[in-house]
Amino acid sequence: MTAWRGVVKGFSETADNYAHSMAPSLRTMAVRVVQRAQLRERDRVLDAGTGTGVGAAAALTAGREVVGVDGAAGMLAIARREVPGARFVEADFAELPFPAGSFDVVISVHALHFAEDPMAALAEWRRVTTGGGRLSLSVPGPRSAQSYGLYDPVYRRHGLQRRVIVPARGKLLAWARAAGWRQVNVVADATTTIRLAGPDSFERWMRTGTRSLASRALSDEAFAALSADLLAVTPIGPDGLLHIPFGTLYLTARNP
């Protein structure tokens, strides 16, 4: 199984956990991605790596065609239930089953960093976009805004080392330009967090996607101990919710 297939399998199997823990916070990022896309009334919109459909939901309005693509069947089952006005297609977002120029806009909410070859994925997204079409996406970042400094000491105490790779601003710009996009711009928001209601939501977040795959080697006892120690250092915001540092890089570009 390739690394990408493993990611897809992990998210498909833990889709309910994702919908309960991660998706609510991603709705904030999705709204900003859509705002930055400057959508028009009749635009044909592709939501690449749609997951449970948070991007598709933010883009959907009367007269606008919205198609979400994801490789995780479990995620799409939730998306079809939650966003009935959009169409959802199970496919690799780096090998899209659409003719060139099928969409006016491609959006993507925290999905590009899971691609095996992000530059190739960006080139594929440009292929299905009309001339003059737009791209608007988000990924976690910058690294200084994320949870590495908070959580890595805990992982090391448990004899574990995380290997989470997210693009820096310069790398993201370089990928988009190399893929043929122009007028590329990246803006960082270091304040965004994943907000969770409490210990149950935190455990479900821990059992989602790539974290779920990484924890499978642990015994139930070892997993519970790791989760408890991570929870203990997670900040609680003024709203009483857990706030996991995450940050967001927003990229916009145009197809020449």
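Student: Which residues of H6 and H8 meet each other?

Tutor: Keep in mind that we're looking at a predicted model. In H6, Pro 118, Met 119 and Leu 122 are the ones that meet H8, and on the H8 side their partners are Trp 175, Ala 176 and Ala 178. Sorted by class, this contact has six nonpolar residues, no polar ones and no charged ones.

Student: How do I read the way H6 and H8 pack, and what is the angle?

Tutor: Start with the angle and the distance between the axes. Helix H6 covers residues 118-127 and helix H8 covers residues 169-178; they pack at about 45°, and their axes are 8 Å apart. As for handedness, H6 passes H8 in a right-handed crossing.

Student: Let me try another pair. At what angle do H9 and H11 cross?

Tutor: Helix H9 (residues 199-206) and helix H11 (residues 220-233) cross at roughly 120°, and their axes come within 11 Å. H9 and H11 are therefore oblique to each other. Here too you can check the handedness: H9 passes H11 in a right-handed crossing.

Student: Which residues make the contact of H9 with H11?

Tutor: From H9 it's Pro 199, Phe 202, Glu 203 and Met 206, while H11 brings Phe 223, Leu 226, Ser 227, Leu 230 and Leu 231. By class, that gives seven nonpolar residues, one polar and one charged.

Student: Now the nonpolar core. Which members of the largest core touch the most other members?

Tutor: First the general idea: in soluble globular proteins, nonpolar side chains tend to be buried together. In this model, the largest nonpolar core has 45 residues, and the ones touching the most other members are Ile 107, Ile 194, Phe 202, Trp 205, Met 206 and Leu 230. Helix H3, residues 23-37, gives the most to this core, with seven residues. There's also a second, separate core of 32 residues, which includes Phe 98, Phe 103, Val 128 and Trp 181.

Student: Which residues is Val 105 in contact with, beyond its neighbours within four places in sequence?

Tutor: Val 105 is in contact with Ala 37, Leu 39, Asp 43, Arg 44, Val 45, Leu 46 and Arg 134. For a sense of how the chain folds back, take Val 105 and Ser 136: they are 31 residues apart along the chain, yet their C-alpha atoms are separated by 7.8 Å.

Student: Where is Leu 251 found?

Tutor: Leu 251 sits in strand S9, residues 248-254. At 1% relative accessibility, Leu 251 counts as buried. Setting aside residues up to four places away in sequence, Leu 251 touches Leu 135, Ser 136, Leu 137, Leu 172, Ala 176, Val 184, Asn 185 and Val 186. Leu 251 and Val 187 are 64 residues apart in sequence, but 6.6 Å apart in space, C-alpha to C-alpha.

Student: And in a loop? Is Gln 146 buried or exposed?

Tutor: Gln 146 is in the loop between strand S5 (129-139) and helix H7 (148-157). Its relative accessible area is 11%, so Gln 146 is buried, the cut-off being under 20%. Not counting residues up to four places away in sequence, Gln 146 touches Pro 140, Gly 141, Val 166, Pro 245 and Phe 246.

Technical notes: Residues numbered from 1 in each chain as written. Predicted model: local features only at pLDDT ≥ 70, side-chain atom pairs only at ≥ 80, totals over all residues. Heavy atoms only, no water. Core = buried A, V, L, I, M, F, W, Y, C linked by side-chain atoms within 4.5 Å. Buried < 20%, exposed > 50% of the residue type's maximum accessible area, 1.4 Å probe, protein only. Helix = DSSP H or I, 4+ residues; strand = E, 2+ residues; numbered from the N terminus. Axes fitted to C-alpha atoms, helices over the stretch in contact; angles between N-to-C directions. Left-handed = near helix turned anticlockwise from the far one by under 90°. Contact = heavy atoms within 4.5 Å. Nonpolar A, V, L, I, M, F, W, Y, C, P; charged D, E, K, R; others polar. Parallel < 35°, antiparallel > 145°, perpendicular 65-115°, else oblique.
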